[in-house]
Amino acid sequence: MTDPGDTAAVTDVTERAVWVRAAARNNAEWCEAVCRAHGLRGDFGDSAWASPRRTPPLYPDAVTLTDRVSTSAGLLDRIDTASPGCSVKDSFACLDLTPAGFEVLFEAQWIHRPAHVPAPTPSVPPATHITWDVITSPGDLPAWAAAWGAEAGGCGPFRPELLADDATRFLRARSADGRVLAGAVATLSRDVVGLSNVFTASEATAHGLDSRNSWAGCLSAVAVRWPGLPVVGYESGADLEAAVASGFRPVGPLRVWWRR
């Protein structure tokens with residue numbers, strides 16, 4: 001006789017694996033969009049997305065799409081391992097790239113938020129006027145990037161060409177005087193919306209906005225634009241805690257490998 005508890009556990013493991021694969025694919029599509037904006041082209045294989053040329057700073061050269069990746073099958077042959085800073089996003093935390101000269105840069109958790117869960121309500125003071133919208137003009141991107149943490153006068157890895165990508169949206173929260181207080185990137189895939197680069201600017205606390213309110217605002221903005229779609233992403237540390245407080249659950253580990 002089958003134990004219902006065992007069946008439920010197997011079902012949960014299977015469901016989590018489905019969301020890890022969806023999140024990894026969504027993240028790879030975002031990485032590909034960033035590369036295209038920089039004039040680079042990656043390739044989606046059956047087991048991984050990879051770029052034959054070095055990717056922009058902070059972006060991996062490969063993202064695995066399945067837990068059945070074998071490095072001997074050619075994953076590392078598809079990327080420029082000779083250039084400093086080459087990295088691989090091991091989406092299932094199942095590879096050992098140490099023999100190839102890589103070391104672990106960081107670890108995180110893929111996260112998933114069901115579509116049927118209502119978007120949380122940001123708990124900002126009633127007198128605070130904060131509005132969420134989507135950037136449409138290239139002229140607005142530098143302010144978003146500066147609030148995100150890019151060096152003054154630049155946009156970091158975010159090129160204006162990304163604004164023309166149908167699957168990409170730059171979300172922002174602005175104060176009454178127009179300053180960017182928080183934001184994120186939303187990437188639309190076939191069945192999910194991915195949230196990445198979620199941030200809260202240092203001056204946001206003066207307006208009653210903390211990281212949990214930023215997550216709540218992002219999710220409300222996503223729900224308005226893509227109702228009925230689940231949301232995925234990955235986070236660690238305090239950002240993971242804020243995401244979980246907003247209705248996400250961790251569904252599986254990932255690991256980023258880096259070669260000095």
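**Cores and a helix pair in the predicted model**

Of the 27 residues making up the largest nonpolar core, Trp-30, Trp-144, Phe-158, Leu-162 and Phe-170 touch the most other members; such a core is a set of buried (under 20% relative accessible area, 1.4 Å probe, protein chains only) Ala, Val, Leu, Ile, Met, Phe, Trp, Tyr and Cys residues joined through side-chain atoms within 4.5 Å. At least two residues of this core come from each of helix 1 (4-37), helix 2 (141-148) and strand 8, with helices (H or I, at least four residues) and strands (E, at least two) taken as DSSP runs numbered from the N terminus. A second, separate core of 19 residues includes Val-134, Ala-184, Cys-218 and Trp-226.

This is a predicted model, so local features need pLDDT of at least 70 and side-chain atom pairs count only at pLDDT 80 or more, while totals for chains, interfaces and linings use all residues. Residues are numbered from 1 along each chain as its sequence is written, and side-chain values use heavy atoms, leaving out hydrogens and water.

Over in strand 8 (residues 180-188) sits Leu-188. Setting aside residues up to four places away in sequence, Leu-188 touches Asn-26, Glu-29, Ala-167, Val-193, Trp-226 and Leu-229, contact meaning heavy atoms within 4.5 Å.

As for helix packing, the axes (lines fitted to C-alpha atoms over the stretch in contact, with angles from 0 to 180 degrees between N-to-C directions) of helix 3 (residues 211-225) and helix 4 (residues 237-245) come within 9 Å and cross at roughly 50 degrees. The contact involves Ser-211, Arg-212 and Trp-215 of helix 3, plus Asp-239, Glu-241, Ala-242, Ala-243 and Ala-245 of helix 4.

How values were computed
Buried < 20%, exposed > 50% of the residue type's maximum accessible area, 1.4 Å probe, protein only.
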